[in-house]
Amino acid sequence: MRRIHRLFEKLFQTGLLLLSRERFARHLGVRVGQNCKLIGVNSRTFGSEPYLVSIGDHVEITDGVRFITHDGAVWVGRGTMPQLDVIKPIRVGNNVFIGMNAILLPGVTIGDNVVIAAGSVVTKDLPSNAVYGGNPARHLRDLETYLSKAADASLGTKGMGPAEKRQFLKSRYAETLEAAG
C-alpha cells in the first residue's frame, strides 16, 4: 500500500511540475512569493527540507540551482554522535536573480535586489543591492553599477518575437558567425 501511495504522490508531483513550477515548490512546502520565475526546478532543487526555504517576491531561480538546508558532512561523526544533525533555513529576499547551478548552503539569508552569478556557492549571508559570484560567493559590485553596464551593453531585444530576434541577432553578428563557420 505504501508503494502505491508513493507512486501516486510521484505522479501528482510530476503533474504539478508540468503545470506550474511555483505550485510544485509550494506543494513541497517552499514559501514562494508573488511573480516568481522558477526555471528547471525539480524534486532535488530544494533538498530534503523544502519547508525551510522561503523565497520573496519577484525572484528568478534558474536551472540547476540547489538549496541545501542540512550539513550532510556530519555523517562522518555519527559513529560517535548518532544524533548529530545540522539543519538551518534558507531565506531569499525580494527582487533576486539566482544564476544557473548556484548552491545555497544552510542558514544563509539573501537580501533584496541581489544577483547571484552562475555557479556560485553561497556560504554566508549576502546583503542587499549587490552582485555576488564565485566559490565561495563574494561581493563583485553594487547593483547600480551592474545595471548601468548592462544598459550600455543592451541590444534592446527583450519583447521581440523569436523570428524577429533571430533575424536581428544573425544580422548583428553576421561577421562573427561567418568567421567561425
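Q: Hi! What volume does the largest pocket have?
A: Hi! The largest pocket comes to about 290 Å³. Bear in mind that this is a predicted model.

Q: Got it. Which residues are closest to the centre of that pocket?
A: Those are H58, N95, V96, F97 and V115, out of 14 residues that line the largest pocket.

Q: And which elements give two or more residues to the lining?
A: Strand 4 (59-61), strand 7 (96-98), strand 10 (114-116) and helix 3 (143-153) do. Helix 3 supplies the largest share, with three residues.

Q: Nice. How does the lining split by class?
A: Eight lining residues of the largest pocket are nonpolar, four are polar and two are charged.

Q: Now the backbone. Where is the cis peptide bond?
A: It runs from N135 to P136, with omega near 0°. P136 sits in the loop between strand 12 (130-133) and strand 13.

Q: What about phi of N35?
A: Phi of N35 is near 55°, which is positive although the residue is not glycine. N35 belongs to the loop between strand 1 (31-32) and strand 2.

Q: Is N35 buried or exposed?
A: N35 counts as exposed because its relative accessibility is 65%, and the cut-off for exposed is over 50%.

Q: And what is phi of N113?
A: Phi of N113 is near 60°, again a positive value in a residue other than glycine. This one is in the loop between strand 9 (109-110) and strand 10. N113 counts as partly exposed, at 25% relative accessibility.

Q: Last topic: how many salt bridges does the count give?
A: The count comes to one salt bridge. D85 forms it with R78, and their closest N and O atoms are 3.2 Å apart.

Q: Why can side chains like that pair?
A: Side chains of opposite charge can pair when their charged atoms come close.

Q: How accessible are D85 and R78?
A: D85 is partly exposed, with a relative accessible area of 46%. R78 also counts as partly exposed, at 29% relative accessibility.

Notes
Residues numbered from 1 in each chain as written. Predicted model: local features only at pLDDT ≥ 70, side-chain atom pairs only at ≥ 80, totals over all residues. Heavy atoms only, no water. Salt bridge = Lys/Arg side-chain N within 4 Å of Asp/Glu carboxyl O. Buried < 20%, exposed > 50% of the residue type's maximum accessible area, 1.4 Å probe, protein only. 1 Å grid on protein atoms, 1.4 Å probe; cavity = no way out; pocket = protein on both sides within 12 Å on 5 of 7 lines; lining within 4 Å. Points joined across faces, edges and corners; volume = space filled by probe spheres on them. Helix = DSSP H or I, 4+ residues; strand = E, 2+ residues; numbered from the N terminus. Nonpolar A, V, L, I, M, F, W, Y, C, P; charged D, E, K, R; others polar.
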